[in-house]
Amino acid sequence: MRIENVAPTADEHGASPSSPGADRHAQNADRQIARMKSNYAIFDSYVAKAQKSLEQGNLETAGGYALMGAWVAAHMHCGFFASPRIERILNKIGRQIPSSLPTTDRAGRPEQVKRVLHVSGEITAVGGLATMLRRWIESDPGREHSVALTQQYDQPSALITAAVSRAGGSIHLLSRAGGLAAKVTKLRQLASEHDLIVLHIPNSDVVAPIAFAEPKRFPPVLFLNHSDHMFWIGSTISQVVGSMRKAALDICEKRRYVEKKRSVLLPILVSPTARTKDREAAKAALGLDPSALLLISVARAQKYRTIGGVSYADTHSELLKRFPNALLMVVGGGERPDWADASAAVGGRIQSLTPRDPKPYFEAADIYLDSFPFCSATSMMEAAGYGLPCVSRFVLPPEARICGMDHPGLAGPLVESTNDQDYIASLERLMSDPKLRARIGEATEKSVLDANVSPGWNKYLEAAVARALELPPVDLEAILSGDFTEKLNFGEPDTRLEDIYGFAPPQAAILRHHLGLFPLSERLKLWIDVARARAFLGWKDAVKGLFRESLVFKLKDTRAVALSVWRPSQ
């Protein structure tokens, strides 16, 4: 929604010259391409090691290097969103890991889905992925839901545990089964007991792609495309890929080897709002003047990167000078030294808070602002539930739409600007007009209720389930046929992705993080490389790196038991 038509002036790349980093991006195209090529070289080295290990029959080593290659591609963008080479390697590993299940194909497909197995990596206490998993289970009470976690050794949060218990299911910690082969074997067994498998897996998690290397022998697989702006693995084993927005559908069909018939829309799911205070009372509870004009934004600190020397606070500082009764509170931004000058210029009325329960701030707010440059759709949908007008910026070319908002529920009533002048002008009109805020807030709330809150969201779920049941198993031979490598793109949106979303640690740090995946002989060689690079975080970290991942968990268990038995005299 545009409050008023303001025509942006675009540079030759389609971005407004006033957008933070727009000119900088164009001027640094050669550097960005060189960085992607360098990233690809690192990726390619790990894939080559995975392939060599596979040929030598070292399956766990092959799986470890394939995971590391996928990790690099996901966090250090290489110019592609899917890798047929990695998918092929994982498929071959899976076909060589013995299975205790019958060797015949699974007889037909279930006529209906009664038991669902959700597969994820590690469920943290906070985060959009964990939240959507819990809400999915709570919003689908007619089915039994269980959860299998491939990278977690301890029980997840009480909220997830309670949701699974109410759904009649169980939580299975695959890390307790042992190494890669043990995880794969356990996951296969669990999958055979269910009617539908839903993958919420991390971008580089190899367990499910290996476990389901022969799709005909398992229930249909529905992949939740929760990381649609990044590389991930698993598209070749998935009957259906559910994307949260239209731009993600385009990338799936054009650049992830997902046939159009296997690509469906499955929006973000949020909980219905239960307001406990009106706006004035909520402001008073936060120690604010009830007449103050409160702008809020809610997201992780990483979503507020300073781009081209212009910080999130800088963008809003001049606006707040014109509205002395207004303040901006960013929940989750944490300590921001780069915002200090801009905040001081408006008497401290730009505040970045540590992560906390955002509900009191949603209830007190007058306007919700998207994070930038990394948008946060889930938080915006939650804000819409409180009747807040939501404002976002998309200052990039249309080809980079995956970096912006086009989610069902938000597309339409969202106040979206294509340059900073338009963005500030839209905010100024909203801040000056309470009736306009109320009208846009009401429209946004209704739209999100229809698409992103149960029961409206369930129509998308049932359509995705029906598609998974009606389609035949994935034809892996057709997808993985041919001897081709990744197709690198040095245009939009690829050249921008690492600046916005990326994380590029030194290679030694990548090795250190993944040591526990490998068998002893390979682990010792890698350990020496990390030690020579002086990348261990102290002697305890170095000792930990000598052990397999599963053994580290067991040692922690042993220590916890010992401490619980031994108690000093009171």
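Trainee: How many bridges join E6 to strand E7?
Mentor: Three bridges join E6 to E7 (residues 263–265), and the two strands run parallel. Strands here are DSSP runs (E) of at least two residues and helices are runs (H or I) of at least four, numbered from the N terminus; two strands pair if DSSP finds at least two bridges between them. This is a predicted model, in which local features need pLDDT of at least 70, side-chain atom pairs count only at pLDDT 80 or more, and totals for chains, interfaces and linings use all residues. Residues are numbered from 1 along each chain as its sequence is written, and side-chain values use heavy atoms, with hydrogens and water left out.

Trainee: Which residue is the bridge partner of Gly 242 in E7?
Mentor: The partner in E7 is Val 264. From E6 the chain crosses through helix H9 (residues 246–255) to E7, in a right-handed β-α-β crossover; right-handed means that, with the strands pointing away from the viewer, the path from the first strand over the helix to the second runs clockwise.

Trainee: And what stands opposite Gly 242 in E6?
Mentor: Leu 224 does. Strand E5 (residues 221–225) pairs with E6 in the parallel sense over four bridges.

Trainee: Which way do the residues of strand E6 point?
Mentor: Val 240 and Gly 242 point one way, Val 241 and Ser 243 the other, and all are buried, where buried means under 20% relative accessible area (1.4 Å probe, protein chains only). In a regular strand the side chains alternate between the two faces of the sheet.

Trainee: Changing topic: what is the order of the six strands in the open sheet?
Mentor: The order is E10-E9-E8-E11-E12-E13, with parallel pairing. Strand E10 (350–353) and strand E13 (415–417) each have a single partner strand, so one side of each has no neighbour in the sheet.

Trainee: How is E12 joined to E13?
Mentor: Three bridges join strand E12 (residues 390–393) to E13. Ser 417 in E13 is the bridge partner of Arg 393.

Trainee: Where is His 514 found, and is it buried or exposed?
Mentor: His 514 is in helix H20 (residues 507–514). His 514 is buried, with a relative accessible area of 5%. Apart from neighbours within four places in sequence, His 514 is in contact (heavy atoms within 4.5 Å) with Leu 67, Met 68 and Trp 71.

Trainee: How much of the protein chain counts as buried?
Mentor: Of its 570 residues, 56% count as buried. The protein chain has 23 helices and 13 strands.

Definitions and conventions. Buried means under 20% relative accessible area, exposed over 50%, partly exposed in between (1.4 Å probe, protein chains only).
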